Amino acid sequence: MKRYIQIVIISLIGVAICSVILSTVLKKKEAQAKRDTFALLNTENEKVTIDQQGSVILNFWATYCPPCEREMPALEAAYPSLQEKGIDLYAINVEEPTKLVNHYLSKFKLSFPILLDRDGDVKNHFHIMALPTTLYIKNGEIVHTVKGELTEEQLLHFAKLMEE
């Protein structure tokens, strides 16, 4: 009888250990999946989901940033070429009110999506410390980061790296 109880106890411990290991693995996979997609509101208060699988460019900017302002026309000029190559471009405003962002954007005629990271969660997730910062992401992996202002030529040059 003692032997039977020992076998049951050892079996229960084994099941508990396997359960903990499996739970940890599943949580890591779930966390990775959550990082591969995230959602932000656009300037019309509509939810936009960004799937980082494929080719994505994320440009982090703010209205108080002169290099960000100079970069906007370059983003707009590069956008059609990026679309033709199947590369998604998102300009993500960092921690500013929608009304301020919309007023600022009225100076430009922009066709690419402008998203709002109101709480800075996405900025913090990607460890963005300076503006503007542009991330080139391919299949969930950051393949290139540029801190500072980009020209249209630079945007398209770095986008070519994503095609390889």
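Reply: Helix H2 (residues 66-84) packs against helix H5 (residues 152-163) at an angle of about 35°. Their axes are 8 Å apart. Axes here are lines fitted to C-alpha atoms, for helices over the stretch in contact, and angles run from 0 to 180 degrees between N-to-C directions. Helices (H or I, at least four residues) and strands (E, at least two) are DSSP runs, numbered from the N terminus.

This is a predicted model, with local features needing pLDDT of at least 70 and side-chain atom pairs pLDDT 80 or more, while totals for chains, interfaces and linings use all residues. Residues are numbered from 1 along each chain as its sequence is written, and side-chain values use heavy atoms, without hydrogens and water.

Back to the helices. H2 passes H5 in a right-handed crossing (the near helix is turned clockwise from the far one by less than a right angle). From H2 come Ala 74, Leu 75, Ala 77, Ala 78, Ser 81 and Leu 82. H5 answers with Glu 152, Leu 155, Leu 156 and Ala 159. Contact means heavy atoms within 4.5 Å. By type, the residues of this contact are eight nonpolar, one polar and one charged. Ala, Val, Leu, Ile, Met, Phe, Trp, Tyr, Cys and Pro count as nonpolar, Asp, Glu, Lys and Arg as charged, and the others, Gly among them, as polar.

Met 162 counts as buried because its relative accessibility is 1%. Buried means under 20% relative accessible area, exposed over 50%, partly exposed in between (1.4 Å probe, protein chains only). Leaving aside neighbours within four places in sequence, Met 162 touches Ser 55, Val 56, Ile 57, Ile 87, Tyr 136, Ile 137, Lys 138 and Val 143. Take Tyr 136: it is 26 residues from Met 162 in sequence, yet 7.5 Å away in space, C-alpha to C-alpha.

Next, the sheet. It is open, has seven strands in the order E2-E1-E5-E4-E3-E6-E7, and its pairing is mixed. Two strands pair if DSSP finds at least two bridges between them. Strand E2 (47-51) and strand E7 (141-147) each have a single partner strand, so one side of each is left without a neighbour in the sheet. Neighbouring strands are turned by 35° against each other on average, direction ignored.

Strand E3 (residues 55-61) and E6 run antiparallel, joined by six bridges. Asn 59 stands opposite Thr 134 in E6. H5 packs on this sheet and touches E3, E4, E6 and E7. The direction of H5 makes about 20° with that of E6. Helix H3 (residues 98-105) also packs on the sheet, touching E3, strand E4 (87-94) and strand E5 (114-117). The direction of H3 makes about 150° with that of E5.

E1 and E2 pair in the antiparallel sense over five bridges. Ala 39 has Thr 49 in E2 as its bridge partner. The two strands form a hairpin with four residues between them, and Asn 45 in the turn has a positive phi of about 65°. In a regular strand the side chains alternate between the two faces of the sheet. E2 has Val 48 and Ile 50 on a covered face, with Lys 47, Thr 49 and Asp 51 on an uncovered one.
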